[in-house]
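The sequence and the model follow.

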Amino acid sequence: MGGTSVENPLTVRGLRPRASSGGAPETVRYDRRGPPFAAYHAALVDRPALLQPSRAELRERFAAAGLAPRWADVLRRALLHGWDPASGPPPVRRAQPPRDLLERVAEIATWSSLREHAVAASPDGVSKSLFRLHDGEAVEAVALPGARRPSACLSTQVGCAMACRFCASGLDGVRRNLAAHEVLEQLALLRRRGPVQRLVLMGAGEPTRNLRAVVAALRVLRDEGSLGPRHVLLSSVGPAAAIRRVTATGLPVTLALSLHAPDRALRAELVPTQPDAEPAELLDACDAHSTATGGRPYQVEYVLLGGVNDAPAHAAALSDLLHGRRAHVSLIAWNAVPGLPFAAPSPPRAAAFLATLRRAGVSAALRRTLGAPATAACGQLRASRAV
Ligand code: SF4
């Protein structure tokens, strides 16, 4: 990436910069290089991205071009582990790549269908990338290098159909599903900056609405990317049937249920696409998934919206709902999204909510807003850029 650096240019489409939560300002870097999108798209038709075909199909493509199929394996693995083709051939043990390997591969394949278009970096090391897709769409992904295990949060759809009222990603609905290789390429590009040992599918999109591609991507990661499903946190708003479909894949991912309310009526206001989802039924499906995958706890995500779902009564009702379940509650103090009619909870109110849960014996934490303002809420970078 070789972009220009500017400070807080978030005034595109008439949006004003969001109030910072303190600390040094984020730096946003835009990359304006690269071919026009028509040419970019056309290149992919003749030369698919290296992670686009299956491993077997890519080996055949290499063989047809007179290249040893093992180089297909080597290059796919290297890409998935963060290798940048601009740095020359990847290091290979006990073998010397042909001198013209990269040139010959470039004739039959494209290194990546994604291009990093903008990066917003926070002083705590977290960075949010805006990736352009081959058809001109854009998705976000976040690298969290300072976490206990270096992590990445990826998108699974362009936009989201779930329309959660507090979320920037749901503002324009869903535009399309990502292909498996587009999920993988987000990780491959983030790994160029540092290791990623844990994956969070909590960016834009509802993973269960694109489960076939998500499962295909997770299998490739398990087999070729040194990242097994036990190190994947898959977020879902439900419904319960969608959670059961995740369990049926047999992949032992950890679930993160986006609950946000302790009762059906309030949840229906916040997640209007699921007016009938009963919180207890959603949690029953999560308990069943936990049992099927070794009994590990799952997460319950609860975005605290000031004056909406952060009252003591909500905390008490949530405690009752979670009694005896293998749930860990992740409270997230809402970050302002321009144009959305919510307020952040006051710090004392958020602390009291957390204390109520813990007094009731519920495992819970108030999530540190890592990367604020860069990672404030899903969809914000995309929403604030003319993409
Ligand atoms: S919070 Fe998640 S599920 Fe809801 S609209 Fe946003 S991306 Fe979709």
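The secondary structure of the protein comes to 12 helices and 14 strands, where helices (H or I, at least four residues) and strands (E, at least two) are DSSP runs numbered from the N terminus. This is a predicted model, in which local features need pLDDT of at least 70 and side-chain atom pairs count only at pLDDT 80 or more, while totals for chains, interfaces and linings use all residues. Residues are numbered from 1 along each chain as its sequence is written.

Of the 387 residues in the protein, 43% are buried (20 or more other C-beta atoms within 10 Å of the residue's own, with C-beta atoms placed from the backbone). Strand 13 (residues 327–333) is largely enclosed by the rest of the structure, because 5 of its 7 residues are buried.

| Partner of strand 13 | Bridges | Direction |
|---|---|---|
| Strand 12 (residues 298–304) | 7 bridges | parallel |
| Strand 14 (residues 363–366) | 4 bridges | parallel |

Valine 329 of strand 13 is the bridge partner of valine 300, and alanine 364 in strand 14 is the bridge partner of valine 329. From strand 13 the chain crosses through helix 11 (residues 347–359) to strand 14 in a right-handed β-α-β crossover (clockwise from the first strand over the helix to the second, with the strands pointing away from the viewer). Strand 12, helix 10 (residues 312–322) and strand 13 also make a right-handed β-α-β unit.

Around the ligand there are 13 residues, of which Cys160, Met162, Cys164, Cys167 and Gly170 come nearest (near: C-beta atom, placed from the backbone, within 6 Å).

Definitions and conventions
A residue is buried if 20 or more other C-beta atoms lie within 10 Å of its own, exposed if 12 or fewer, and partly exposed in between; C-beta atoms are placed from the backbone. Two strands pair if DSSP finds at least two bridges between them.
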